[in-house]
Structures are given as C-alpha cells and as structure tokens.
Amino acid sequence: MSVLDDIIVGVRADLDSRRTLLPLEEVQVLADQAPGPRDAYGALSTKGGGVRVIAEVKRKSPSKGALSDIPDPAELAAAYERGGASVISVLTEERRFGGSLEDLDAVRAAVDLPILRKDFTVDEYQIWEARAHGADLILLIVAALDDGTLRSLLELTERLGMHALVETHTTEEVERAVAVGARIIGVNVRNLKTLDIDRSVFPALAGLIPSDAVVVAESGVRDIADVERFVADGAQAVLVGEALVRHSNPEETVREFARAGSALHS
C-alpha cells in the first residue's frame, strides 16, 4: 500500500464518523446558508505579472513530522495576508497533518482572502462540508480519483461556486486534469505515493497545461531561489507550507517570495 493509499484509508474512516454525527442533508443546509465563495481563480491569475503565493497553515506532514505548533492559526493567516498572500491554504486532515475544520473556521473568520481547504477529497460530502465552513477552493488529487469521480467532484465544486486545485504529478495525470476541464492545475513535485521530492517534475509538466489554466507549483519551495526557478519554468502561483510555518517571520517571507516572482516578470 502506498503512502497515499494509507492516508485515504484514514480519511474515509474519519469521513464516515463525521457523516454519522452530521448527515449530508444537514451539511447541505449549512452550505446554502454560508456567505458566497470568493473568486480563487481570479486571485491566482497573474495577468498583471508576478507570482501568487498560496500560504499554508500546516502543523505537520508525513514526510517531515511536526513542523510547528501553530497555537493560533488565525494569527498566522493574518500575517500571511499582510505579507501579500493571494490564497490561504488550511490543512484539515487530522491523522497525518494535524489539521482540523476548526482551523479552517478560525482562518475564515480572520482573513478576507480566498481559502483553500487542503484535504484528500474523495467524496461529495467533503465538498459540501468545505462550502459550509466557508472554503472557496478545494483540492482534488488526480492520483486518488478515477476519471468519473474526478469529473463529478469538480462539477459539484463549480456548481457550488467554488474552484478546485486539481493536483498532478505525471504526464498522464495532467492529461486527465485537462480532459475534465480543470482551470487551476497544480504540479506537485512530491510523489505522494513515496513522498520523494523531484523538482525536475515541474518543468517537464508545466508546459503541458493550457494557457487559460492557472499553473501552481506545489511542494519543494525552500527559499527565494526555488520560487524563482518555478516561476521561470511557468508557475503562476506557488503553494508553500513548511518554509513559512518554520520561519520566524512568515509575513516577511511571503512578501519576499511574491517579490521574487515579480522580479522575473518585470
């Protein structure tokens, strides 16, 4: 069993527990009552030049273990917003990443930016749940979904007014993302089946993504040099977690990353 498969087993078990406590019909009512979603696609488009930063609230990961305690996710998200982040990503998977929907709620109340619910989405319940908690963007991992499920989950996401970051790692996965009409396509340089990092994956795949889609570089950002490399290879946005939560001044780090990308487009 791959790392991704093992994570999804836990995700499904936790999902079943939440569904027992709060049936889908009740979550749908809460989603209908939530304020309308913000435009994540517009926030990530770079028609004015530069790079957009998706700044992540991330406590731990399967590859690195504990990253940061983050006693106040709202405070961290507010620092990201002040630094110029375009989107805030909030991990809500608990077993491997230490996240929660409570973190999502806290961040939603603290910032005006679009919010990505970062989780392993395998069921429509999670999409309704994301909308009920104020998310504007959700993650769909191509490697975790068959084509029919990927298409139906993307259609539901867009019907609810949200967008999806559709994550890929191989040529075939990019082709599948394009085939279902994904408008925000991420290239994760971390192989979720092994957790290995290979930054050469990004330039090999970014050129396969249509020009009307937002190209996001995921994982592998350690410093400004990595941001510049991804932007030079076609990234319009970078998703950064570890490099921010481990830094003593995440606000300034976001600002520096955004400036680094802008310099290449000036």
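The structure is a predicted model, in which local features need pLDDT of at least 70 and side-chain atom pairs count only at pLDDT 80 or more, while totals for chains, interfaces and linings use all residues. Residues are numbered from 1 along each chain as its sequence is written, and side-chain values use heavy atoms, with hydrogens and water left out.

Helix α5 spans residues 101-110, and its buried residues are Leu101, Asp103, Leu104, Val107 and Arg108. These cover an arc of only 150° around the axis and therefore lie on the same side of α5; the arc is that of the directions from the helix axis to the C-beta atoms. The cover over the buried residues of α5 includes the helices α1 (3-21), α4 (73-83) and α6 (124-132), together with the strands β1 (52-57), β4 (87-91) and β5 (115-118). Helices (H or I, at least four residues) and strands (E, at least two) are DSSP runs, numbered from the N terminus.

We turn next to helix α6. Seven of the nine residues of α6 are buried, so this helix is largely enclosed by the rest of the structure. The buried residues are Tyr125, Gln126, Ile127, Trp128, Glu129, Ala130 and Arg131. They pack against α1, α2 (24-33), α5 and α7 (147-159), and also against β5 and β6 (137-141).

Gly50 sits between α3 (40-44) and β1, and counts as buried because its relative accessibility is 3%. Its C-alpha atom is separated by 8.5 Å from that of Val231, although the two residues are 181 residues apart along the chain.

For the protein as a whole, the secondary structure comes to 12 helices and 10 strands. The radius of gyration is 17 Å, which agrees with the value near 18 Å that a compact globule of 266 residues would have; this radius is taken over C-alpha atoms, and the globule rule is 2.2 Å times the number of residues to the power 0.38. Along the principal axes, the C-alpha atoms fill a box of roughly 50 × 40 × 35 Å. Buried residues make up 55% of the 266 residues. Of the contacts (heavy atoms within 4.5 Å) with a separation of 6 or more, 68% are between residues 24 or more positions apart.

Key
Buried < 20%, exposed > 50% of the residue type's maximum accessible area, 1.4 Å probe, protein only.
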